[in-house]
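User: I have a model open here and would like to talk it through with you. Could you take me through the fold, the cores and the surface?

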Amino acid sequence: MSTVDPIQARERRQAARIGSPAAAVGIVIGLLMILVGAALEMRALFGFAEFDAMGETDEPPLAIVGMVVGLPLLIIGFLVHLGSSRRFTGRLLSAPVVGPVSILFTGLAAGAWWGAFALPEPGAFWLLPIGLSVLSVLSLLLGAVGRARRRSQKDVLAHVLTHGRIQSGVITEIPEIDPSSGGLLGTVTVKFTDATGTDRWVQKAGQWARRDLPATGDPAAVLYDPARPGDTSRIWVAPAGSTTAADFTRWHA
């Protein structure tokens, strides 16, 4: 028997890991593994073409070894990044600064350039590094736009918290999860009554660990802008009793 609430103790441990240096180091290590693994995998593909150009009597280029080394690095890198990002942000599938997909394309582009320059006559092979480089730049730009949008949403949340209203609501629908599932990434539907007495329903994408998953019929808190009650981009739903920005981002996907 313990005199400390285990649920509160677990939540304090999780909160302490958010933004921790150890989690940040894990994110960097995961991204480096993805970058190197992707470069080795792509270089290995060029290695087979290089081998054909050298002739059957020659030894396979060392680049082919990259296929054996690169794939484990990619898999482990994604797992390390996923776990570290979750500890750093407190959210699943949330990547601070830069996402793993952007780094994946960057690594693939680097490996393609490396391989193309190694070929005696690259020919049409030049199209691959050029195309991957374009995808890498586009991915980085889309990531930057997404992060800017999230920062803007945080500013809107702060404004609505100050000038908006928190209303009691009720969950009218939320997906049920399989007994073996650890949580839910899905959409919750919440009904609330605005300041004019109008019943409204809002659907918001969210994520929940199994232990935090609410059920249909449970109460919820709804933060909204009374001046624009129909604007779903200015509505947040959270557990009943929520009052802070952290509370109203708790269910946000």
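Analyst: What follows is a short exchange about this model.

Analyst: This is a predicted model, in which local features need pLDDT of at least 70 and side-chain atom pairs count only at pLDDT 80 or more, while totals for chains, interfaces and linings use all residues. Residues are numbered from 1 along each chain as its sequence is written, and side-chain values use heavy atoms, with hydrogens and water left out.

User: OK, how many helices and strands does the protein have?

Analyst: There are six helices and five strands, taken as DSSP runs numbered from the N terminus (H or I, at least four residues, for helices; E, at least two, for strands). From the N terminus on, the order is α-α-α-α-α-β-β-β-β-β-α.

User: And which residues have the most contacts inside the largest nonpolar core?

Analyst: They are L31, M42, F46, I103, L108, A112 and L132, in a core of 15 residues. Here a nonpolar core is a set of buried Ala, Val, Leu, Ile, Met, Phe, Trp, Tyr and Cys residues joined through side-chain atoms within 4.5 Å, and buried means under 20% relative accessible area, exposed over 50%, and partly exposed in between (1.4 Å probe, protein chains only).

User: Which elements give two or more residues to this core?

Analyst: Those are α2 (21-54) and α4 (100-118), and α2 gives the most, with six residues. A second, separate core has 14 residues, including I171, V190, W208 and W251.

User: Back to F46, what does F46 touch?

Analyst: Leaving aside residues up to four places away in sequence, F46 touches G111, A112, G115, A116, L119, F125, L128 and P129, where contact means heavy atoms within 4.5 Å.

User: Switching to helix α5: is S139 buried or exposed?

Analyst: S139, which is found in helix α5, counts as buried because its relative accessible area is 14%. Beyond residues up to four places away in sequence, S139 touches V101, S102 and F105.

User: Which residues make the nonpolar surface patch?

Analyst: I130, V134, L135, V137, L138 and L141 make a patch of about 510 Å². Patch residues have over 30% relative accessible area and no salt bridge, with like charges joined within 9 Å and nonpolar side chains (Val, Leu, Ile, Met, Phe, Trp, Tyr) within 5 Å; a salt bridge is a side-chain nitrogen of Lys or Arg within 4 Å of a carboxyl oxygen of Asp or Glu. Accessible areas come from the Shrake-Rupley method with a 1.4 Å probe, and for residues only the protein chains shown count as cover. V134 lies in helix α5 (residues 127-163) and counts as partly exposed because its relative accessibility is 45%.
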